[in-house]
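Here are my notes for you to read with the model open beside them. Take the points in order and find each residue on screen as you go.

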Amino acid sequence: MLCEWGNIILLTRDHKVLCIGEKDMESKLDMLFKKNLYTVAINLVQSQQADAAATAEVLRKYADHLYSKQDYDEAMAQYIRTIGQLEPSYVIQKFLDAQRIYNLTSYLEKLHEKGLASKDHTTLLLNCYTKLKDVAKLDEFIKGEGEHRFDVETAVKVCRGAGYHEHAMYVAKKAGKHEWYLKILLEDLGSYDEALEYISSLETIQAAITVKEYGKILVEHKSDQTIAILMKLCTGDGGSATNVSDNLIPGKLPSPIDFINIFLDHPLYLMIFLEKYTSKVKDSPSHVEIHNTLLELYLSDDLCAPSFSRSIVQSMDTSGVGSSRNIFGLPSRGNRGKDMIGKVHEHVDTDERAERLKKGLALLKSAWPSHEDHPRYDVDLAVVLSEMHQFKEGRLFLYEKMKLYKEVISCYMQDSDYEGLIACCKRLGDSSRGGDPSLWADVLKYFGDLGEDCSKEVKEVLVYIERDDILPPIIVLQILAKNPYLTLSVVKDYVARKLEQESKHIEEDRKAIEKYQEETAAMRREVQELRTNARIFQLSKCTACTFTLDLPAVHFMCMHSFHQRCLGDNEKECPVCAPQNRTLLEMKRNLEQNAKDHDRFFQLVRNSNDGFSVIANYFGRGILNKTKNGTPNMSRSSTGPSNVF
């Protein structure tokens, strides 16, 4: 016997040579597989320290053999030993039959223990637990200690779909999936109080996110509690203990505007929420948007909550069933009950809207204080809303604050409110209070075009037009002549007073003309005398020092005489008449300057109630008179001394 080249060589007596060699591993395994010696094959592979893939392959063949012999439990035990090497889908497909669900469950559990399970494996395992109704196993898998070894969202979906809401909520809460936790509470269990309590325990940012998502359901079923939570979130009052310091910082608090969408079907609750917020927070960064929203809610035609309306109808229907009288104590016969319901709805809606309109007007006034130039709301939007909903009081307030006085009186004109129109003009047409007196002219024109008898109102308007001298009498008569229902008696007293007043003015003007004519004639005689006759100076005393006048002396044409020493350096003008002369010269210069200021002239004509009087005044001053060379024709006067002796 020889050992050479890895083989054993035998020489027999009959002169034969036998060569015995060891087969390779693959051949050995094939022989063992053919003889179904899988246990020996496994031991052989392990003794040879083969790699994991080779070992797993032997185990798979052994498991397949056991599976073919319907020894499913032992087969699964071998399959479990292949985890990490063998594709799980290979095993799962073999055990999908309902009768082998226990074996499949054990395999899936081992996959999760080794952290090799996918979302689909988690779904399949949870479905196995729910099919088997093995709550103990489900509790152990879901509520086991340590971190979850499965996909959280998948576990929540499967448990929720199978009706295991408690387990789904446990997983969602432990994983911090607040949206899933609340979705189960609200949509599956209807536990609104518990959902609100859970939201209250969250941090401000997370609580705001969850309220935005599920606020509609909460408002519908628990409106008061939801509004209370929103107040805590938006004001930082009573926030969660986890971040009280953050809640106290205004910049980090959510705005009520962020939650408007959750009140889409319940505008009444939105109004209540915003009212509470504005009563507590006076300087919100979103005050303009909040006031705009509140104003729109106040002016809306219908703002009853659906549940409120249904409760009224149900109470009436219930009271009418099995009794001859309804809740009002009136007989209920046929359609009469329906008519009563309609009347009660109308009554409730009318009273409720009237109350809201009062709040709307109060909001317009409080959000636009008298000391502020701009309101804390969009004034253009407020005007549009007031017009849309025919909110007269709001329009009047806004127009008056915007100083659109003509729009104010047009509101009264549209409503034919004569008493209110005149009262408004008394308030807004007083020039001493910064009003616009021209409003009276518009009111008079309105009554002139009215086409009905309004004598009383016209007489009252004429009193103020006459007092402030707003329109000439001829214009007044032309305006009122358009109304065929107004008689002469309406303007008789007014015309008589104006004629008497004009007569007095004419008489005063006539006297002034005569006076000016006499003064002009005297001045002309004096000028003529100065030009043709010599002037004799007979004063014996100095006008300045009152001593006897001696030489050298200075005589002025104004008949004042002075010692030359009393005049000093100023010998060219009389010191007594000089101030008056300077005043006249200044007036002359002003007149010449005004003659060149064309813009001022036209401005005075445009702004004056009687433009003709302005032009006549300019003519009277001689400013509009021109000489041949185009310069103003202004008379000249001399104030210099006549001679020096």
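Predicted model: local features only at pLDDT ≥ 70, side-chain atom pairs only at ≥ 80, totals over all residues.

1. Leaving aside residues up to four places away in sequence, Tyr377 touches Val288, His291, Asn292, Leu363, Leu364, Ala367, Trp368, Ala382, Phe397 and Leu398. Tyr377 itself sits in the loop that runs between helix 19 (336–366) and helix 20 (379–388).

2. Is Tyr377 buried or exposed? Its relative accessibility is 4%, and buried means under 20%, so Tyr377 counts as buried.

3. Now look at what the side chain of Tyr377 does: it reaches the backbone oxygen of Leu364 at 3.0 Å. Leu364 is also one of the residues that Tyr377 touches.

4. Next, find Asn292. Along the chain, Asn292 and Tyr377 are 85 residues apart, yet their C-alpha atoms are separated by 5.7 Å. Across the protein chain, if you take contacts between residues at least 6 apart in sequence, 50% join residues at least 24 apart.

5. The axes of helix 17 (residues 287–299) and helix 20 come within 10 Å and cross at roughly 5°. Angles under 35 degrees count as roughly parallel, so helix 17 is roughly parallel to helix 20.

6. Which residues of helix 17 and helix 20 meet? From helix 17 they are Asn292, Leu295, Glu296 and Leu299, and from helix 20 they are Leu381, Ala382, Leu385 and Ser386. Sorted by class, this contact has five nonpolar, two polar and one charged residues.

7. For a second pair, move along to helix 26 (residues 473–480) and helix 27 (residues 488–532), whose axes come within 11 Å and cross at roughly 165°. Angles over 145 degrees count as roughly antiparallel, so helix 26 is roughly antiparallel to helix 27. The crossing of helix 26 past helix 27 is left-handed.

8. Where these two helices meet, helix 26 brings Pro473, Val476, Leu477 and Leu480, while helix 27 brings Val491, Tyr494, Val495 and Lys498. By class, there are seven nonpolar, no polar and one charged residues in the contact of helix 26 with helix 27.

9. Finally, zoom out to the whole protein chain. How many helices and strands does the protein chain have? There are 31 helices and six strands. The protein chain has 645 residues, of which 36% count as buried.

Conventions:
Residues numbered from 1 in each chain as written. Heavy atoms only, no water. Axes fitted to C-alpha atoms, helices over the stretch in contact; angles between N-to-C directions. Helix = DSSP H or I, 4+ residues; strand = E, 2+ residues; numbered from the N terminus. Parallel < 35°, antiparallel > 145°, perpendicular 65-115°, else oblique. Left-handed = near helix turned anticlockwise from the far one by under 90°. Contact = heavy atoms within 4.5 Å. Nonpolar A, V, L, I, M, F, W, Y, C, P; charged D, E, K, R; others polar. Buried < 20%, exposed > 50% of the residue type's maximum accessible area, 1.4 Å probe, protein only. Polar contact = N/O pair within 3.5 Å; in protein donor to acceptor, adjacent residues only side chain to side chain.
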